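Student: Can we go through this one together? I have some questions about packing and surface contacts.
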Amino acid sequence: MIRKMIGLVLSLVMGTGIQAQQVDENIFRSPFDFPLLLSANFGELRPNHFHNGLDIKTQGVTGKPIRCIADGYVSRVMVLHGGYGQAIFVTHPNGLTSVYGHVVSFAPEVQKYVRAYQYEHQTFTCDLNFEPGQFPMKQGQLLALSGNEGASAGPHLHLELRKTDTGEYIDPMPYFKSMLKDTKAPVASLVGFYPVPGEGGVAGSVRKKLVGVQALKQKVAAWGKIYTGISARDYMDGTSNFYGVHSVTLFVDSVQVFRSVTDKVAPEENRMINGFTDYDELRRTKRLIMRSYIAPGNRLRILQADTARGVVLIDEERDYRFRYVLEDNFGNKRTYSFVVQGKKENIPAYQHKGNRMLYWNRTNVIQAPGLEFVVPKYYVYEDTGLSVSVEGDSTGIAFDYVLDAGNTPLQSYCPLSIGIRHLPVADTTKYYVVQKVGRWRAPAGGTFENGWMKTRVREFATYSVAVDTIAPRIIPVGQSGWRASRNVRFKISDSESGIGTYKVFVDGEFVLFGLKKGILVIQDPEKIKKGVPHKVEVVVTDNCKNETRKLFHF
């Protein structure tokens, strides 16, 4: 009884610890002059990160005028090959900054400034910051044109709100609720049951058990310490898209033991999603399951739990009643109830895999002949077994180093040093660290220092050192149509260390090209004059400084 009272008090504390975001819906106007429909919401689960804004549909096309949602000034512009593609930031007097991503162009005066910078510095990518009086913006003023730039699967606007002083992402949905319609509650597909290693069992096994929601009518037997997780999606009116669930609350015997409310994420917290979700399941099946459990090293603030961090002790042979409540931003709720039956069983002692241990609360230095790998404090979310082995031929450039922790995530990049045994090429800029999975290879960068290749990695994998003396490839795309369309394009690729830099010159003058999904695309076709011959020189270098120059006439 006392334990239940303590749990009740804790649940009340937790319930008041996360409050619904109270906002003035009249602060911001819509970024568009047409009704809003979303293709993604804030906090939607993604591999390695939360979705940090709202994705607004643009009726299947690019070039829609984007309006500034409130008075402010343009404080920053980013032009990238991936990610946002092109993004523009507006800082507002209320302490928030709005961000508009994947746009195809900026307001004319901003676009002119950015182009001048790109030509002066002969670069497509840039990250520019501006003073408050440089580009003032009024609410409703044309800010940009919508696009499909960067890591985008279709035309849309990615809209974010950030706290100006901290850079923290906050959920924009409360500010735009009156412009959207949602009468649909979230829907779950399965529940996961997870025994704590060495301390719990589920259905007579120490392995996790995933149960479809339709099968939850049957009791699930368990003993000792367990926790659960749920896979769910939300839906909205007027579209078939699915979204992330805003809040998940778990009750056991009417006592709240866990709650998540996805309303804010700091930049450094984004990758902590891998400690929140079942990372092993994601890697193996691509399913995203939200665990109702806070790993010891996971500092993600949107998670709240009792003192047991969401772990439930099944120590009586009786029925334990679990209840999930899923809720969206609009107050639509759905409940899933099921029973865990306490059934006594012997729990085998936990034996960690591997020949080393990684501890979540200390810096781990892993050393082997020709290897040093450092995993800083909090970079794994709980103590993890690590298997370290050395493979390969001693006549090679370096040994292969296998760092195997199973499907365990790393919070960020960790220093990795690999010793070079032989230098078949004298030029040490030609060496790079390579990640190996079967026949698949991926460059991991690196610099040569006193016989070692040093880089930073954020995956447990097999690493070695390779040499790259092969220059990148350049292939013209649609050259027969250049004369009529001026849409000059080139496919560039590098099979070893990866593309480093590129430049394109038309008749000896630098002309801006963007790299989009491996294709160099001219940004200013008007630089190509019709009716006269042209020569185009393309210069591409890889990350090991191998260079290719090709000249084309049309």
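Student: Which residues does Phe490 touch, leaving out those up to four places away in sequence?
Tutor: Phe490 touches Ile474, Ile475, Pro476, Val477, Trp482, Phe513, Gly518, Ile519, Leu520, Val536, Val538 and Phe552, where contact means heavy atoms within 4.5 Å. This is a predicted model, where local features need pLDDT of at least 70, side-chain atom pairs count only at pLDDT 80 or more, and totals for chains, interfaces and linings use all residues. Residues are numbered from 1 along each chain as its sequence is written, and side-chain values use heavy atoms, with hydrogens and water left out.

Student: Which residues touch the most other members of the largest nonpolar core?
Tutor: Val74, Tyr100 and Phe490, out of 63 residues in that core. A nonpolar core is a set of buried (under 20% relative accessible area, 1.4 Å probe, protein chains only) Ala, Val, Leu, Ile, Met, Phe, Trp, Tyr and Cys residues joined through side-chain atoms within 4.5 Å. A second, separate core has 56 residues, including Met272, Val311, Tyr336 and Tyr381.

Student: New topic: is Glu317 buried or exposed?
Tutor: Glu317 counts as exposed because its relative accessibility is 61%, and exposed means over 50%.

Student: What does Glu317 touch, not counting residues up to four places away in sequence?
Tutor: Trp223, Gly342, Lys343 and Lys344. The side chain of Glu317 also reaches the backbone nitrogen of Lys344 at 3.3 Å.

Student: And how far apart are the C-alpha atoms of Glu317 and Ser152?
Tutor: They are separated by 52 Å, with the two residues 165 residues apart along the chain.

Definitions and conventions:
Polar contact = N/O pair within 3.5 Å; in protein donor to acceptor, adjacent residues only side chain to side chain.
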